[in-house]
Amino acid sequence: MFVSNNLAQKDVSMKIAIASGKGGTGKTTVATNLARLAADQGYHAVYVDCDVEAPNGHLFLRPEITETIAVTVSVPDIDASRCSNCGACARFCQYHALLCLPEEVLLFPELCHSCGGCRLVCPKQAVDEIDRPIGQCQTGRCGQLDFVSGCLNRAS
Ligand code: SF4
Ligand code: SF4
């Protein structure tokens, strides 16, 4: 959550993080109430739900969503007509996201960390990059409170 105000001609701002490793401890209850209270007190407050695997702040605040942006990462796209199956890309990849077979190179996109290294080491310039959608980011308003939330796609 981000809170700011102008007190006595002096800009004051705070970032307040509510976090816990355990579910059911009341993180969302505390965060949403703090954010609403700050906004109701006249502060410029932004509630940011960073729990991208299971965001639920919207269930408490019921914001009006004004914008939804797709979030993507770059993954390799192998041009089979250029590829010589040399295996350099698969040997380079520390995340085992590529498997070079005699006839093709297989990509396991969920293992790719988008480092771009396989493209750099390919001697045939056979590796391009394409965008892989992994989730979305939503922004909106809940009264005077600004709302931001990220959410991963289930299959990502
Ligand atoms: S971009 Fe990096 S992590 Fe992804 S497949 Fe290529 S080398 Fe592996
Ligand atoms: S490094 Fe390039 S040429 Fe070699 S297997 Fe990978 S994509 Fe094919």
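Predicted model: local features only at pLDDT ≥ 70, side-chain atom pairs only at ≥ 80, totals over all residues.
**Entry 1**

Residues are numbered from 1 along each chain as its sequence is written, and chains are lettered from A and ligands numbered from 1 in the order in which they are written.

I counted secondary structure as DSSP runs numbered from the N terminus, with helices being H or I of at least four residues and strands being E of at least two. The protein chain has four helices and eight strands. Their order along the sequence is β-β-α-β-α-β-α-β-β-α-β-β. The protein chain is more spread out than a compact globule, because its radius of gyration is 22 Å, well over the 15 Å that the globule rule gives for 156 residues. That radius is taken over C-alpha atoms, and the rule is 2.2 Å times the number of residues to the power 0.38. I also took the spans of the C-alpha trace along its principal axes, about 65 × 35 × 25 Å.

For burial I placed C-beta atoms from the backbone and called a residue buried if 20 or more other C-beta atoms lie within 10 Å of its own, exposed if 12 or fewer, and partly exposed in between. Buried residues are 21% of the 156 in the protein chain. Contacts mean C-beta atoms, placed from the backbone, within 7 Å. Of the contacts between residues at least 6 apart in sequence, 64% join residues at least 24 apart.

**Entry 2: ligand shells**

Which residues come nearest to ligand 1? I found C93, A97, C112, C115 and C118, out of 13 residues around ligand 1. A residue is listed here if its C-beta atom, placed from the backbone, lies within 6 Å of the molecule. By class, this shell has nine nonpolar, four polar and no charged residues. I used Ala, Val, Leu, Ile, Met, Phe, Trp, Tyr, Cys and Pro as nonpolar, Asp, Glu, Lys and Arg as charged, and the others, Gly among them, as polar.

Ligand 2 is surrounded by 14 residues, with C83, C86, A88, C89 and C122 the closest. The shell around ligand 2 holds 10 nonpolar, three polar and one charged residues.

**Entry 3: nonpolar cores**

I defined a nonpolar core as a set of buried Ala, Val, Leu, Ile, Met, Phe, Trp, Tyr and Cys residues joined through C-beta atoms within 7 Å. The largest has 12 residues, including V75, I78, C89, C93, L107, C118 and V127. Strand 4 and strand 6 (105–107) are the elements that give two or more residues to this core. Leaving out residues up to four places away in sequence, I found C93 touching L98 and C118. A second, separate core has 11 residues, among them A35, A38, A39 and F147.

**Entry 4: single residues**

R62 is not a glycine, yet its phi is positive at about 45 degrees. I placed R62 in the loop between helix 2 (57–61) and strand 4 (64–78). R62 counts as exposed, with 10 C-beta neighbours inside 10 Å.

Q125 also has a positive phi, near 50 degrees, in a residue other than glycine. Q125 sits in the loop between helix 4 (117–121) and strand 7 (127–142).

Is A45 buried or exposed? A45 counts as buried, since it has 25 C-beta neighbours inside 10 Å. A45 belongs to strand 3 (residues 44–49). I computed 52 Å between the C-alpha atoms of A45 and C83, which are 38 residues apart along the chain.

H96 is in the loop between helix 3 (88–92) and strand 5 (98–100).

N153 lies in the segment after strand 8 (145–152). N153 and V52 are 101 residues apart in sequence and 9.1 Å apart, C-alpha to C-alpha. Not counting residues up to four places away in sequence, N153 touches P133, I134 and G135.

Conventions. Contact = placed C-beta atoms within 7 Å.
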